[in-house]
Amino acid sequence: MQIIIYSTPSCPYCHLAKKFLEEEGFKYIEYNVADDEEKREEMFKKSKQMGVPVIDINGEIVIGFDKPRLMELLKIKQ
(Lines give C-alpha, C1' and ligand atoms only; values in the text may rest on other atoms or scores of the structure.)
Protein backbone atom coordinates (compact mmCIF):
# COMPACT_ATOMS: atom_id res chain seq x y z
CA MET A 1 0.00 0.00 0.00
CA GLN A 2 1.38 3.40 -0.93
CA ILE A 3 0.36 6.42 1.11
CA ILE A 4 1.45 9.92 0.14
CA ILE A 5 0.56 12.96 2.21
CA TYR A 6 0.96 16.46 0.85
CA SER A 7 1.26 18.85 3.76
CA THR A 8 2.73 22.03 5.19
CA PRO A 9 4.57 22.43 8.50
CA SER A 10 1.98 24.86 9.93
CA CYS A 11 -1.14 22.81 9.09
CA PRO A 12 -2.80 21.37 12.22
CA TYR A 13 -4.91 18.91 10.19
CA CYS A 14 -1.76 17.64 8.50
CA HIS A 15 -0.28 16.90 11.93
CA LEU A 16 -3.48 15.09 12.96
CA ALA A 17 -3.49 13.00 9.78
CA LYS A 18 0.17 12.01 10.18
CA LYS A 19 -0.33 11.17 13.85
CA PHE A 20 -3.35 9.02 12.97
CA LEU A 21 -1.43 7.11 10.30
CA GLU A 22 1.53 6.57 12.64
CA GLU A 23 -0.69 5.39 15.51
CA GLU A 24 -2.36 2.89 13.16
CA GLY A 25 1.05 1.61 12.06
CA PHE A 26 1.08 2.93 8.50
CA LYS A 27 4.18 4.30 6.82
CA TYR A 28 3.79 7.18 4.40
CA ILE A 29 5.72 9.46 2.10
CA GLU A 30 5.37 13.13 3.01
CA TYR A 31 5.85 16.09 0.72
CA ASN A 32 6.06 19.62 2.10
CA VAL A 33 4.19 21.58 -0.55
CA ALA A 34 5.10 24.89 1.11
CA ASP A 35 8.69 24.38 -0.09
CA ASP A 36 8.35 22.01 -3.06
CA GLU A 37 6.70 23.66 -6.06
CA GLU A 38 6.85 20.48 -8.17
CA LYS A 39 5.01 18.47 -5.50
CA ARG A 40 2.52 21.32 -4.98
CA GLU A 41 1.66 21.14 -8.69
CA GLU A 42 1.42 17.33 -8.47
CA MET A 43 -0.97 17.66 -5.51
CA PHE A 44 -3.13 20.15 -7.41
CA LYS A 45 -3.30 17.90 -10.48
CA LYS A 46 -4.45 14.99 -8.32
CA SER A 47 -6.92 16.87 -6.13
CA LYS A 48 -7.81 20.17 -7.84
CA GLN A 49 -7.23 21.63 -4.36
CA MET A 50 -4.62 23.94 -2.88
CA GLY A 51 -5.62 23.18 0.70
CA VAL A 52 -3.78 20.57 2.73
CA PRO A 53 -3.60 17.83 3.69
CA VAL A 54 -4.17 15.90 0.51
CA ILE A 55 -3.67 12.19 1.07
CA ASP A 56 -3.18 9.73 -1.78
CA ILE A 57 -3.80 6.10 -0.84
CA ASN A 58 -3.09 3.86 -3.82
CA GLY A 59 -4.51 6.53 -6.14
CA GLU A 60 -7.58 7.30 -4.01
CA ILE A 61 -7.52 10.97 -2.99
CA VAL A 62 -8.63 12.15 0.45
CA ILE A 63 -8.89 15.89 0.96
CA GLY A 64 -8.41 17.09 4.51
CA PHE A 65 -8.25 14.90 7.61
CA ASP A 66 -11.32 12.79 6.80
CA LYS A 67 -10.87 10.08 9.40
CA PRO A 68 -13.89 7.95 8.36
CA ARG A 69 -12.70 7.92 4.73
CA LEU A 70 -9.13 7.10 5.78
CA MET A 71 -10.39 4.24 7.94
CA GLU A 72 -12.43 2.92 5.01
CA LEU A 73 -9.54 3.05 2.55
CA LEU A 74 -7.07 1.59 5.06
CA LYS A 75 -9.57 -1.09 6.12
CA ILE A 76 -9.42 -0.11 9.80
CA LYS A 77 -12.27 -1.41 11.94
CA GLN A 78 -13.93 0.94 14.42
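Tyr 6 has a relative accessibility of 0%, so it counts as buried (buried is under 20% relative accessible area, exposed over 50%, partly exposed in between, with a 1.4 Å probe and protein chains only). This is a predicted model, where local features need pLDDT of at least 70 and side-chain atom pairs count only at pLDDT 80 or more, while totals for chains, interfaces and linings use all residues. Residues are numbered from 1 along each chain as its sequence is written, and side-chain values use heavy atoms, with hydrogens and water left out. Helices (H or I, at least four residues) and strands (E, at least two) are DSSP runs, numbered from the N terminus.

- Lys 39 brings its charged end over the ring of Tyr 31, 4.3 Å from the centre (the rule asks for NZ of Lys or CZ of Arg within 6 Å of the ring centre and within 35 degrees of the ring normal).
- Lys 39 belongs to helix 2, and its 15% relative accessibility makes it buried.
- Leaving out residues up to four places away in sequence, Lys 39 touches Tyr 6, Tyr 31 and Val 33 (contact means heavy atoms within 4.5 Å).

**Salt bridges**

- The whole structure has 7 salt bridges (a side-chain nitrogen of Lys or Arg within 4 Å of a carboxyl oxygen of Asp or Glu).
- Lys 39 turns up here too, bridging to Glu 42 at 3.1 Å, N to O.
- Those two are 3 residues apart in helix 2, so about one helical turn separates Lys 39 from Glu 42.
- Glu 42 is partly exposed, at 24% relative accessibility.
- Lys 46 and Asp 56 form another bridge, at 2.6 Å, N to O.
- This one links distant parts of the chain: Lys 46 is in helix 2 and Asp 56 in strand 3, 10 residues apart.
- Over in helix 3, Arg 69 and Glu 72 lie 3 residues apart, about one turn of the helix, and their side chains meet at 2.9 Å, N to O.
- Arg 69 is partly exposed, with a relative accessible area of 23%, while Glu 72 is exposed at 52%.
- Through shared partners, salt bridges join Lys 39, Glu 42, Lys 46 and Asp 56 into one network.

**Nonpolar cores**

- The largest nonpolar core holds 13 residues, and the ones touching the most other members are Ile 3, Phe 20, Ile 55, Ile 57, Leu 70 and Leu 74 (a core is a set of buried Ala, Val, Leu, Ile, Met, Phe, Trp, Tyr and Cys residues joined through side-chain atoms within 4.5 Å).
- Strand 1, helix 1 (12-23), strand 3 and helix 3 each give two or more residues to this core.
- Apart from neighbours within four places in sequence, Ile 55 is in contact with Ile 3, Ile 4, Ile 5, Ala 17, Glu 60, Ile 61, Val 62, Gly 64 and Leu 70.
- A second, separate core of 5 residues includes Ile 4, Tyr 6, Met 43 and Val 54.

**Backbone points to check**

- Val 52 and Pro 53 are joined by a cis peptide bond, with omega about 0°.
- Pro 53 sits in the loop between helix 2 (37-47) and strand 3 (54-57).
- Lys 48 is in the loop between helix 2 and strand 3, and its phi is near 60°, a positive value in a residue other than glycine.
- Lys 48 is exposed, at 58% relative accessibility.
- Lys 75, in the segment after helix 3 (67-73), also has a positive phi, near 60°, though not a glycine.
- Lys 75 is exposed, at 71% relative accessibility.
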